Amino acid sequence: MGISGTVTNTGDGVVITATAPHERLDFFVTAIQNDAPPLARITAVESRWHDSSLAAPGFFILPSVAGSAAANTAIPPDIAICDDCLNEFLDPDDDRFHYPFINCTNCGPRFTIVETIPYDRPKTSMKVFPMCSRCEIEYHDPGNRRFHAQPNACPSCGPAVSLHERSGEALTKTHPVAAAATLLAEGKILAIRGLGGFHLVVDGSSDTAVALLRARKGRPDKPLAVMVRDLAAAKEICHLNSTEQKILTSPERPIVLLVKKDQSCLTAGLAPGIEEIGVMLPYTPLHHLLFQMPDCPKVLVMTSGNVSGSPICTANEDALARLAAIADNFLLHNREIVTRVDDSVVKVACDNTLILRRARGFVPSPVMIDWPLPKILGCGAGLKNTFSLGRGKSVFTSQHIGDLDSLPIYEFYLESIDHLKSVLQLEPEAVACDLHPDYLSSRFAAELDLPLYKVQHHHAHAVAVMAEHGLSGPILAVVLDGTGLGEDGTIWGGEILRAELTGFQRLGHLSHLLLPGGDAANTEPWRMGLSALFQTFGPEGLAADRLPPALAQLDQTKVATIASMMQGGFQSPPSSSCGRLFDAVASLLGLRQKISYEGQAAMELEALAKKAKTVSWLTQLSPKSHTVLSPFLYETNGKWEISSPEFVKMVRDGIARAESKEIIALRFHSLLISSITRLIEILAHQTGIRHVVLSGGCMQNSLLLEGLFHTLKQIRLQVFTGNMLPVNDGAVSFGQTIIGGLRHVSRHPHESNQRPG
Ligand code: ZN
Ligand code: ZN
Ligand code: FE
């Protein structure tokens, strides 16, 4: 553009000085925003005049300002292969034709290969591959697409793949990827080393291969994600709207939950009882190479390469040792994975993109908030754990860590905290954790010698959504969740809160059901079925001749034991959990009495209800038709309760009238939506608050979410939910970081930060 000046990285961001005629400068500033490189994220452009007599002719890149790297020059996330690289990859005349590690400045591995900062090749796992002279020339040429692309590589200097027996012995194949595709076509299970960890891979159209994988992995029902060659192949197996297409092909390339087509090559065993399936497109050149091979099946199951209770394997030796009982063969490569990162999972509901699992492609990008925080660590919850590091107006939420209930996952948690602290150069001065003292994350927080802020679980859920949308409150929050410890020591999970950033009031909740057997009730819905009948009809409700068919089949001595436990108040804590109410309804309907993965009964109940859903379902939810809801809503001691027994009665009556299970399941959803909406309407009227936040794991249910969005908007409230972060426990650490951080900055100097207990 004929501009003279300089550009440099500083602690405040990129600083450009430019000298040119006025209109050319305007054009330049516009171009920076409109024609930025594909991965650039411009948060703000500020310009001010400078003395043009200082400018030497020409344009120069100045070295970064020393010591400034920490503040804003973050490590980017891993990004799917770009179109330019893909074209070279597919061009038989290109030197990188079919090279499985092709990348450039606009794509490729980042966070997963970085050991420490500054982000330079010697500080990544690419350090063991010295660039050949040709790659070196590209790397140093500012006009080249691979200028300063740290993982730059080619077949003569970069990483390579190899195929192995489960014993580790290498199979000498001229084309290991072609041989791997053939093995997959033969029904074999492969462990394939990827970007952020291993995948276990089988032919997704083969009943026997999928059944074998499930048996060997000990994963009977949990849905398995698939990868297909391209968008056209995705359309053959799933229904896709334009938003879903955009996300599926985005540079983050997450797994997208899509509704399966009735007729397709998918085997039924991929997602039993669920209408959606997780689909992703190839994101590394190795994936593309696999699909280029003539033998490669059209649909590949790509599930995390881990054993139960452990995180995904990243190292070759580790995978060979631990996955040998599952995989028949191993497709390995020699570019080390420094940081383990799972595939991200998203879905589209109410025209919103909802992130269900935030990991590859998104981490470690910060989420920007409106209020400056001190340096603080949010330790997260128990299941679906993440942690977050806050500093200034940035919160860095970690990749999905997993369920913090086993030593290997806890070790992954600890090493990830260390790694993220190191790459961000961020040493926390305060820490926040859940109220629940027994979560490993809470114990870890208590061991740190830092001011500690304990945050109620559902308040964290609410603030996570508030912060994303810049709401400082007060707002009304509907948090429908599994379980979280409440301030009164009982287990909460169906909460209506009035929330601000550092405090909240519980205005209402689902009325209590007992959890007979405590934690056992979380995995055995039949216990919740009995509990629901007990709470609704008293002990007589559990008489053998009054049990619904699904529970009449139970061993009657078991029923008697549970009945006496609840009557005696033994190991039967009360809970307002919405997740457990879903379990109870699923049990009464005979849908599921034991689950093999978290949320299974609720997901199957949602799937059942969707079968009864008509086009007019949403409009029939109009709150006006439900203004009289007295049995569902009542006020005691200044707190509102939504009556759980009323839902149980409705279900029991439906079963007695021999109505279809689908209709009953849908009616349960509708009544839950209507009663919550009616309560919010009352509270909005009383408080004058017009902003409503929806969060909690149950909001992953798209019927609930769509229904609540619709009815709350009908009564002219503004409704918000999580978009950049999950509504499930994956966002709890984000909420904790903000609540704890803001409490820390506003604390009284003499105040003790450690609450007892
Ligand atoms: Zn590229
Ligand atoms: Zn090279
Ligand atoms: Fe939760």
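Which residues are exposed on the other side of helix α1? The legends below cover this and three other views.

**Notes for all views.** This is a predicted model, in which local features need pLDDT of at least 70 and side-chain atom pairs count only at pLDDT 80 or more, while totals for chains, interfaces and linings use all residues. Residues are numbered from 1 along each chain as its sequence is written, chains are lettered from A and ligands numbered from 1 in the order in which they are written, and side-chain values use heavy atoms, with hydrogens and water left out.

View 1. Helix α1 spans residues 22-34; helices (H or I, at least four residues) and strands (E, at least two) are DSSP runs, numbered from the N terminus. Its 13 residues reach 19 Å from the first C-alpha to the last, close to the 18 Å expected at 1.5 Å a residue (1.5 Å times one less than the number of residues). L25, F28 and A31 are buried, that is, under 20% relative accessible area, whereas exposed means over 50% and partly exposed lies in between (1.4 Å probe, protein chains only).

**View 2. The site of the zinc ion (ligand 2).** C132, C135, C154 and C157 each coordinate the zinc ion through SG, at 2.2 to 2.3 Å. Donors are N, O and S atoms within 2.8 Å of the metal (3.2 Å for Na, K and Ca); water is not among the atoms, so sites may look incomplete. The four donor atoms make angles of 105 to 118 degrees, and the site is tetrahedral (four donors, all angles between 85 and 135 degrees). Along the chain the spacing is C-x2-C-x18-C-x2-C. C132 counts as buried because its relative accessibility is 19%; for C135 the value is 0%.

**View 3. The site of the iron ion (ligand 3).** The protein donors are H457 (NE2), H461 (NE2), D481 (OD) and D729 (OD), 1.9 to 2.2 Å from the iron ion. Angles among these four donor atoms run from 90 to 163 degrees, and the site is irregular. H461 in helix α13 (residues 457-468) and D481 in strand β20 (residues 475-485) are 20 residues apart. H461 is buried at 0% relative accessibility, and D481 is buried at 3%.

**View 4. Domain 1 and domain 3.** Domain 1 covers 4-61 and domain 3 covers 359-471 + 726-752, with bounds from an automatic or database domain assignment. Their C-alpha centres lie 36 Å apart.

Methods. Four donors count as tetrahedral if all angles lie between 85 and 135 degrees; four count as square planar and six as octahedral if opposite donors are over 155 degrees apart and all others between 65 and 115; anything else is irregular.
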